[in-house]
Amino acid sequence: RIRLAKSVVACRSAPLTRETSVVFFPLVSLTCSMSSSSSSSSSRSAASERKDFGNMAFAKNKLAAAIEAYTEALTLDPTWAVPLINRALCRRMRAEWNFVLEDCEKALKLDSESVKARYLLGLALMEHAKLEQVGDEAKKLAQRSCRELQLALELAREKGATMQDEIWRAWAKCKYRTYEMTTERKRGRRTALLNRLLQMLAASEEDADADANELRSVFSDAARAAGDEGYDAQGGASTANDEAPQWAVCPVSLDIFRDPVVSPSGISYERERLLEHINKDRKWDPVTRAPISSISALHPNVQLRNAIEDYLENKPWLYKEIASGAGDDMDD
């Protein structure tokens, strides 16, 4: 201690040189760094306790208490995305979509690869599109919603997330809603054009039948020029009752493929359904009965998945077949 005190006195009394500054100032910097690190660790630990309490409240459906706990966690550690995502989930259940949108956008700034934040953002945008109902703004919101849900699905596939099916169905629902909005706009344009032509017909005084045929011909040409191919004379989708082809459907679940895999027999199945089959100690191909030695013998059928996505883009009414409900889970 005496030697240390003497050294300190010597440093303070000696002229400030390059050597003394190199020795003295890093000690101060190191102390500050250690203090900052300790403070950050303490904040995260305290925030984690509030987050855990929020999860418990959520499990008991005490949403107000959960939101309050997540907000406290964020006050303690504003750089943590998890409480933001969990709070957004609570607000989703309360249909507070403006707050869901706000929380998810903040969370994605902290963690751009969060599957749940991207998913909830897509849902919030779709709800905003519903409120707009029609018009360019609704269409833009719906398109952005589809993009966010598509990104969430891609991230979920990369990470092997368990909520892939939920996101897939929400994405399909959004795509179908976008298709409906488009067809409604087209149907409206066709109806307005038809009414205009009928008015012209009513005003005609000579050869009304001939004029009707001519006007209907003009109407058909105008409709095709407006991009309304595929619609019948009543403005409905003439192919809307089409079913998905057999190659696009899992032979076990009879649902359109989301994540097809190929068995050793060369037959494609929906991954989740085939794994359920195998996990019931049925280690054989459901169709051929050929043995399946292990799960590693299954291979993703990426080409089929891409072909189905292309097919759905051309037959968007089939998205309705995919769409269904989704569940809720908290982040750890």
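**Entry 1: the whole chain**

I started with contacts (heavy atoms within 4.5 Å). Among contacts in the chain between residues at least 6 apart in sequence, I found that 58% join residues at least 24 apart. A note to myself: this is a predicted model, where local features need pLDDT of at least 70, side-chain atom pairs count only at pLDDT 80 or more, and totals for chains, interfaces and linings use all residues. Residues are numbered from 1 along each chain as its sequence is written, and side-chain values use heavy atoms, with hydrogens and water left out.

Next I looked up the elements, and the chain has twelve helices and three strands. Both kinds are DSSP runs numbered from the N terminus: helices are H or I with at least four residues, strands are E with at least two. I also looked up burial, and 37% of the 332 residues count as buried. Buried means under 20% relative accessible area, exposed means over 50%, and partly exposed is in between, using a 1.4 Å probe and protein chains only.

**Entry 2**

How do I describe two packed helices? By the angle between their axes and the distance between the axes. The axes are lines fitted to C-alpha atoms, for helices over the stretch in contact, and angles run from 0 to 180 degrees between N-to-C directions.

For the wording, under 35 degrees is roughly parallel, over 145 roughly antiparallel, 65 to 115 roughly perpendicular, and the rest oblique. The crossing of H3 and H4 is left-handed, meaning that the near helix is turned anticlockwise from the far one by less than a right angle; clockwise would be right-handed.

On the H3 side, I listed Leu63, Ala66, Ile67, Tyr70, Thr71, Ala73 and Leu74 in the contact. On the H4 side, I listed Pro83, Leu84, Asn86, Arg87, Cys90, Arg91 and Met93. These residues divide into ten nonpolar, two polar and two charged. In this sorting, Ala, Val, Leu, Ile, Met, Phe, Trp, Tyr, Cys and Pro count as nonpolar, Asp, Glu, Lys and Arg as charged, and the others, Gly among them, as polar.

**Entry 2: H4 against H5**

I moved along to H4 and H5, whose axes come within 8 Å and cross at roughly 160 degrees. So H4 and H5 are roughly antiparallel to each other, and H4 passes H5 in a left-handed crossing. From H4, I noted Ala81, Leu84, Ile85, Arg87, Ala88, Arg91 and Arg92. They meet Trp97, Phe99, Val100, Asp103, Cys104, Lys106, Ala107 and Leu110 in H5. This contact divides into ten nonpolar, no polar and five charged residues.

**Entry 3: loops around these helices**

Trp80 is in the loop between H3 and H4. Is Trp80 buried or exposed? Trp80 is buried, with a relative accessible area of 13%. Leaving aside its neighbours within four places in sequence, Trp80 is in contact with Arg44, Ala47, Ser48, Lys51, Leu74 and Leu110. I checked Trp80 and Leu110: they are 30 residues apart in sequence and 7.2 Å apart in space, C-alpha to C-alpha.

Asn61 is in the loop between helix H2 (18-59) and H3. Its phi is near 65 degrees, a positive value in a residue other than glycine. Asn61 counts as exposed because its relative accessibility is 53%. I found a positive phi for Ala95 too, near 60 degrees, in the loop between H4 and helix H5 (97-110).

**Entry 4: the sheet**

In what order do the strands of the open sheet lie? The order is S2-S1-S3, with antiparallel pairing. Two strands pair if DSSP finds at least two bridges between them. Strand S2 (268-270) and strand S3 (299-300) are the edge strands, each pairing on one side only. Strand S1 (residues 260-262) and S2 pair over three bridges, and I noted Glu270 in S2 as the bridge partner of Pro260. Helix H10 (residues 271-279) packs on the sheet and touches S1, S2 and S3; its direction makes about 90 degrees with that of S2.

Ala172 is in helix H8 (residues 164-203) and counts as buried, at 0% relative accessibility. Beyond its neighbours within four places in sequence, Ala172 is in contact with Tyr319, Ile322 and Ala323.

Lys315 is in the loop between helix H11 (302-314) and helix H12 (319-322). Lys315 is partly exposed, at 22% relative accessible area.
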